[in-house]
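User: I am new to this model. Please walk me through it, one topic at a time.

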Amino acid sequence: TAFQQYTLALSYITEHDEEERYLMALERVYYFFKDGKDDLSPVYVSRALVDSALGYRKKGDDVSFKRVRDRLYSMSGRHPFAGVMRLFLDERLAGGDGIRALTAGIDKLAERTENRRVVAVAGTQCREHALTIHYGGTL
């Protein structure tokens with residue numbers, strides 16, 4: 001699942017401190033699950049794209065940053081949660097912590113009953129994620 005692939009990617013940075021493998025594994029979440037038909041794949045694909053965009057920006061790899069950012073922007077037109085993560089990324093790139101954009105976006109998603117499962121799973125996880133993102137601080 002997208003969740004399992006995302007969790008594997010996280011293990012490369014949290015358990016092994018291998019940044020390159022981490023970034024490559026994050027991109028694999030996109031490659032393997034970008035067309036996932038379940039409602040949670042876009043949650044983890046979007047999170048992986050945000051994490052990798054911030055990682056590439058921090059490394060100064062503008063080509064890779066733009067590639068993954070553009071993928072997220074493209075997804076945001078098809079998946080409401082990707083739109084929320086786009087706003088989160090934009091706020092982070094502008095120097096904010098992203099919490100305001102994330103909270104507002106998740107609250108807006110919660111207004112529609114078809115988003116109930118995504119909000120239940122992603123809401124809490126993503127608020128925690130915003131606070132513990134591996135590329136925190138200034139960019």
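Analyst: A82 is buried, with a relative accessible area of 0%. Buried means under 20% relative accessible area, exposed means over 50%, and partly exposed is in between, with a 1.4 Å probe and protein chains only. This is a predicted model, in which local features need pLDDT of at least 70 and side-chain atom pairs count only at pLDDT 80 or more, while totals for chains, interfaces and linings use all residues. Residues are numbered from 1 along each chain as its sequence is written, and side-chain values use heavy atoms, with hydrogens and water left out.

User: Where is A82 found?

Analyst: A82 belongs to helix α5. Helices (DSSP runs of H or I, at least four residues) and strands (runs of E, at least two) are numbered from the N terminus.

User: Which residues is A82 in contact with?

Analyst: Leaving aside neighbours within four places in sequence, A82 is in contact with S46, L72, M75 and S76. Contact means heavy atoms within 4.5 Å. A82 also lies 9.4 Å from Y44, C-alpha to C-alpha, although 38 residues separate the two in sequence.

User: What about α5 itself, which of its residues are buried?

Analyst: The buried residues of α5 are F81, A82, G83, V84, M85, F88, L89, E91 and R92. With 14 residues at 1.5 Å a residue, α5 should span 20 Å, and its end C-alpha atoms are 20 Å apart, which agrees. The expected span is 1.5 Å times one less than the number of residues. After α5 comes G95, whose phi is positive, near 100 degrees.

User: Let us step back. How many helices and strands does the protein have?

Analyst: The protein has seven helices and zero strands. Of its 139 residues, 47% count as buried. Among the contacts with a separation of 6 or more, 60% involve residues 24 or more positions apart.

User: Where is confidence lowest, and where is it highest?

Analyst: Confidence is lowest in helix α7 (residues 116-132), with a mean of 62, and highest in α4, with 97. The score is pLDDT, the predictor's confidence in each residue, from 0 to 100. The protein averages a pLDDT of 85, and 87% of the residues score at least 70. Over residues 134-139 pLDDT stays under 50, and the model has 19 contacts beyond four places in sequence for them. Where pLDDT is low, the predicted coordinates should not be read in detail.

User: Back to α4, then. Which of its residues are buried?

Analyst: In α4, S64, F65, V68, R71, L72, M75 and S76 are buried. Seen down the axis of α4, these residues fall within an arc of 145 degrees, so they line one face of the helix. The arc is taken from the directions from the helix axis to the C-beta atoms. They pack against α2 (19-33), α3 (41-59) and α5 (80-93). Helix α4 itself (residues 62-76) has 15 residues and reaches 21 Å from its first C-alpha to its last, close to the 21 Å expected.

User: At what angle do α2 and α4 cross?

Analyst: The axes of α2 and α4 cross at roughly 35 degrees and come within 12 Å. Axes are lines fitted to C-alpha atoms, for helices over the stretch in contact, and angles run from 0 to 180 degrees between N-to-C directions. In this pair, E27, Y30 and Y31 of α2 meet R67, V68 and R71 of α4.

User: And α2 with α3, how far apart are their axes?

Analyst: The axes of α2 and α3 are 9 Å apart, and the helices pack at an angle of about 145 degrees. Residues making the contact include Y22, L23, L26 and F33 of α2, together with Y44, V45, A48 and L49 of α3.

User: New topic: the loop between α1 and α2. Is D17 buried or exposed?

Analyst: D17 is exposed, with a relative accessible area of 62%. D17 lies in the loop between α1 (2-14) and α2, and its phi is positive, about 55 degrees, although D17 is not a glycine. E18 is found in the loop between α1 and α2 as well and is partly exposed, with a relative accessible area of 28%. Not counting residues up to four places away in sequence, E18 touches Y12 and I13.

User: Lastly, what does Q5 touch?

Analyst: Q5 touches A25, R28, V29, F32 and F33, not counting residues up to four places away in sequence. Q5 has its place in helix α1 and is buried, with a relative accessible area of 13%.
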